[in-house]
Amino acid sequence: MTGASGFIGVELVAQLKANGYWVIVATRNPDKFGRNGMEWVRLPSPDEPVEAFEHILGRVNHIVHLAAIHTPQFAVSADTYHSVNCVLTAKLARAAHKTISGKFVFVSTVRAQCGSLHEGIALESDPPQPTDDYGRAKLAAEAEVAAALIRGNYTILRPVLVYGAGMKSNMAMLLRLAALPLPLPLNSLTGKRSLLDRGALCRAIIHCLNEASTDGGTFIVSDRIPVTIPEIVAAMRRGLGRNHSLFSCPPWILNIAARMTGQNDRRRRLNSDLVASSAKLQSTGWDAVENPARRIEELSDTLAASGRPLNRSKLLDIRKVWSASTTKLRQGLASISRHERRP
């Protein structure tokens with residue numbers, strides 16, 4: 001297994017062990033696993049030969065390949081995305097073809113299917129149209145896996161945005177926003193987004209290791225129904241034991257606020273759709289989460305009950321941004337009003 005120390009990997013290791021699997025971690029950071037008594041091997045780099053990958057697979061029946069560059073803190077070139085997300089995957093798949101008797105499960109991304117915004121419902125039968133270097137590298141890696149494993153002993157999964165304990169990026173930002181003791185003008189955001197529970201994704205991976213009907217297939221992985229940003233934040237606030245305190249704001253005001261704070265792109269993403277269907281994977285026997293809002297509520301409640309501290313400095317930063325945004329909005333509205341009064 002690669003990517004075992006990541007957000008998805010930590011949960012997957014636990015589920016694999018609970019299902020009776022012996023997990024060998026392929027990593028470049030062995031200190032993370034040696035202290036826990038886990039068996040590990042050194043993961044070769046993309047520029048090493050296929051034989052180096054074959055060497056680490058001697059006692060392996062199955063491979064789950066999670067490791068990838070996702071959302072780096074710094075700018076990443078197209079070549080780096082291709083090297084880490086495609087070339088390494090290709091060499092691992094070629095080595096797997098020569099060595100393993102079981103399955104190769106490659107966790108790709110819905111971004112190999114489409115961009116971060118999508119009209120209609122994204123399906124595996126649609127022609128892939130990635131819109132960034134990350135998605136293009138993952139799509140190229142999918143082709144390499146299919147070309148290498150000619151026996152069809154592989155499954156490619158395209159998960160949408162994943163949520164769960166320890167989540168980062170946009171979902172973590174929404175959780176911090178939900179924790180603020182402030183009413184939020186989010187009800188006007190109507191864009192629908194498909195999400196995916198982390199535990200359900202791990203169950204999908206294990207399902208594919210055992211289910212022959214997934215052999216040689218590519219599957220989108222998502223919860224059953226999409227949700228809006230207001231529904232997500234309201235669920236988080238219910239889980240934290242608070243009133244949702246959301247209200248509507250005229251779109252033109254949100255547009256002005258976004259423009260003044262340099263958040264036009266983010267506002268556009270939050271108010272646009274990315275709905276994807278996992279019906280194909282469900283037809284093989286995998287159970288998707290029915291109600292993501294309810295699952296998010298349960299997750300938020302768990303975080304609150306465990307006493308997990310919220311990062312005070314980040315909350316203060318959000319409050320400062322909120323204060324600055326409202327001040328700029330008032331100034332902008334006043335300027336508009338003065339302009340309208342001119343003869």
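A nonpolar core here is a set of buried Ala, Val, Leu, Ile, Met, Phe, Trp, Tyr and Cys residues joined through side-chain atoms within 4.5 Å, where buried means under 20% relative accessible area (1.4 Å probe, protein chains only). This is a predicted model, so local features need pLDDT of at least 70 and side-chain atom pairs count only at pLDDT 80 or more, while totals for chains, interfaces and linings use all residues. Residues are numbered from 1 along each chain as its sequence is written, and side-chain values use heavy atoms, with hydrogens and water left out.

Let's start in the largest nonpolar core, which has 65 residues; Leu12, Met171, Leu174, Ile205, Ile232 and Met236 touch the most other members. Its top contributor is helix α7 (residues 198-210), giving eight residues. (Helices are DSSP runs of H or I, at least four residues, strands are E runs of at least two, and both are numbered from the N terminus.) There's also a second, separate core of 25 residues, with Phe53, Leu57, Ala96 and Phe106 among them.

Back to Ile232: leaving aside residues up to four places away in sequence, it touches Met171, Leu174, Leu195, Val227 and Ile296, contact being heavy atoms within 4.5 Å.

Now look at helix α1 (residues 7-18), where Ile8, Gly9, Leu12, Val13, Gln15 and Leu16 are buried. Their cover includes β3 (63-65), β7 (161-163) and α7. Just past α1, Gly20 has a positive phi of about 90 degrees.

Last stop: Thr228, in strand β11 (residues 227-228). Thr228 is buried, at 12% relative accessible area. Beyond four places in sequence, Thr228 touches Leu189, Thr190, Gly191 and Lys192.

Note on methods: Buried means under 20% relative accessible area, exposed over 50%, partly exposed in between (1.4 Å probe, protein chains only).
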